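Please find below a briefing on the model that follows.

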Amino acid sequence: MHIPDGFLDFKVVSGTNLFSFLTLIYSLKRILKKLKPERVPLLGISCAFIFLIQAISFPVPYGTSVHLSGIFLISLILGPFSSFFLSFFTLFLSAIILGHGGILTIGANSFNLSFIGGIFCFYIYKFLEKILPKIKYFLIFFISFLSIILGSIFCTFFLSISGKISFSKSILPMVISHTVAGIVEGIFVVLTIKFFEKVKPEILKIEKI
Amino acid sequence: MKHHFIDRFSYEKGFLQNLSPSFKFLILIFLLIIFLLLPKKIIFYLPFILIILILISISKIPLKYFLKRILIIFPFLLIIFLLSVLSNKNFQNFLYSLLKSILSISYIFLFSLTTKMEEFFKIFENKKYGKLIFLIFSFLYRYFFILYDEFERIKRAMISKGKNPNFKEYTILSGNIFVRSYERSERVLRAMISKGWKIEN
Amino acid sequence: MENRKLKIEIINLRFSYEDRKNVLKGINLKIYENEIVSIIGENGSGKTTLLLCIAGLLKYEGKVLIDGEEFSESLRRKIGFLFENPDDSIFMPRVYDDIIFGPKNFGIKGNYDEIVKKSLEKVNLEGFEERVPHHLSYGEKKKVALASILSYEPEIFLLDEPTLALSPFARKNFIELIKKIKGTKVIATHDLDLANSISERIIVLNDGKIEKEIFI
């Protein structure tokens, strides 16, 4: 969930923004260190892709539709720091242009979505993939699912320490309501990876930064 | 197909449109921080409400359209409202957050509606990581619409063959879009290089 | 021609896009069963838009009657739309999947392997079942796109710029394929040679209106 401005207090805003901007600078450093020409348009167009994925509502069986994040997927393709940077960028533009999320809350939102989904979950996945290679697809599903759930947990956390909601009373409804989105995200990422394996495997061999 | 939701009014000749993007952005951040710190007394908020109404009119933005755009945050507001009720939180608490939220987003929209985004990102061009940021933004701006249109065209082809796309088709659709994006980025690179672009960041 | 059944009837068709108004300004047209009609005109004259309206893929004003009926989802089966860009119409991981996509959706019974095989034979691409559409050459993609609509045997074929960007040899081949198709054919093109050689009637579209009708 993208937290809009006005719902986080000063300490959360400062803390999360500090963390996220430091992570952003580090990510940019990593990206620029080994930046090859081919990567620049790829990063740009992938950014358009993330924006597109987040803008479209995916129809889901039994009614409604969900919005996907795509951040973990992009980290599997382009790497954790590229994913963080691109999704941070997308968050900023979403806030400014669409009013989706906020500007001062970008620290918290990028923590929940870009850091958790793009960096944290990436490394968890890479670790698990090494020790349990046979269940790769299940791991991809599970980690994608986890990225959404963890994101919602931290979202609840930030809102609660800002005094807007009670953590204990809100955590269950938040997690439950994100379960469908998490499952859908998981299936989406697995199917997409399989699609790439079939149609354009070199996408999965791109250098991951 | 064009999608005129971005800097729709940035080409009009209004007050805000004439100010420099970096100036406007700094003021915006400054204001957002003020809203963050504003005490819970309604009197502090009134001047800002008045100011924005004035700014909207001298920047030639239709009020109705503006209000319609603000509605986008309502789903989130609803969720947080429900959670705050569940948490037995003081309604006043929520109300002031709501007010801060609406004020913040109003000024944010005022900024984006009256600023040409390309000019905004040009600000970064001379900063340390700026060239990359500017390039990424340019790509995003140009290719988002292209990808969106491609998405819609493939969807239309699916419909013409009798399938109203469901989750599975959407996944295939988006997979296709990425693969094409990947290949497109190779073509774009060639075009850039043929026009002398070098990676000198 | 008048003793042929009226297949498509277009009555006062008007259409505007959000960013382009009045692309079609009141089209009246009758197309008969098994007729081959070409629609020619400049870029922006409304050719593609006209085809999209006939196919029920756009929300238009006016009437389009197929076999006397107004558009409904059940009519989709009768219409095969060949999009200008083959990339728009082929999107599955294998050629097989793209070709069987239509028949599956329309609930066509039969041996799927046979259906795909026959469709590929019709476009001279035998054995292409397991190929990845995305990796094919432009000409091959066009043929797969055609096969993917032949597979559900529609009665009406709407072809948008079928010979666009095809090399001379590929173009000749593709025209032969089009000639072999059985059904009512409406072709939007600015390949005047194609229009001349293949049609019974040429409609000239200009600025959203029918300017001229030429009988071949």
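How closely do the axes of α4(A) and helix α5 (residues 91–113) of chain B come, and at what angle do they cross? They come within 7 Å and cross at roughly 90°. The model is predicted, so local features need pLDDT of at least 70 and side-chain atom pairs count only at pLDDT 80 or more, whereas totals for chains, interfaces and linings use all residues. Residues are numbered from 1 along each chain as its sequence is written, while chains are lettered from A and ligands numbered from 1 in the order in which they are written.

**Contact between chains A and B**

- In chain A, 56 residues are in contact with 56 residues of chain B; two residues are in contact if their C-beta atoms, placed from the backbone, lie within 7 Å.
- At least two residues of the side of chain A that touches chain B come from each of α1 (10–33), α2 (39–55), β1 (57–59), α4 (80–98) and α7 (167–199) of chain A.
- Helices (H or I, at least four residues) and strands (E, at least two) are DSSP runs, numbered from the N terminus.
- The most is given by α2(A), with 13 residues on the side of chain A that touches chain B.
- By class, that side of chain A has 40 nonpolar, 11 polar and 5 charged residues; Ala, Val, Leu, Ile, Met, Phe, Trp, Tyr, Cys and Pro count as nonpolar, Asp, Glu, Lys and Arg as charged, and the others, Gly among them, as polar.

**Helix packing**

- Axes are lines fitted to C-alpha atoms, for helices over the stretch in contact, and angles run from 0 to 180 degrees between N-to-C directions.
- α4(A) and α5(B) are therefore roughly perpendicular to each other; angles under 35 degrees count as roughly parallel, over 145 as roughly antiparallel, 65 to 115 as roughly perpendicular and the rest as oblique.
- In this pair, A:A95, A:I96 and A:I97 of α4(A) meet B:I108, B:F111 and B:S112 of α5(B), and the residues of the contact divide into 5 nonpolar, 1 polar and no charged.
- Within chain B, the axes of helix α7 (residues 130–160) and helix α8 (residues 167–194) come within 10 Å and cross at roughly 135°, which makes α7(B) oblique to α8(B).
- Residues of the contact between α7(B) and α8(B) include B:L147 and B:F151 of α7(B) and B:L173 and B:I177 of α8(B); by class, the residues of this contact are 6 nonpolar, 2 polar and 4 charged.

**Strand pairing in chain C**

- An open sheet is formed by 4 strands in the order β2-β1-β4-β5 (chain C), with antiparallel pairing; two strands pair if DSSP finds at least two bridges between them.
- β2 (24–32) and β5 (69–70) of chain C stand at the edges, each with a single partner strand, so one side of each is left without a neighbour in the sheet.
- Strand β1 (residues 6–15) of chain C is joined to β2(C) by 7 bridges, with C:I8 opposite C:I31, and to β4(C) by 5 bridges, with C:E9 opposite C:L65.
- Strand β4 (residues 61–66) of chain C is joined to β5(C) by 2 bridges, and C:I66 has C:E69 as its bridge partner.
- Strand β3 (residues 36–41) and strand β9 (residues 201–206) of chain C run parallel, joined by 5 bridges.
- β9(C) and β10(C) form a hairpin with 2 residues between them, and C:D207 in the turn has a positive phi of about 55°.
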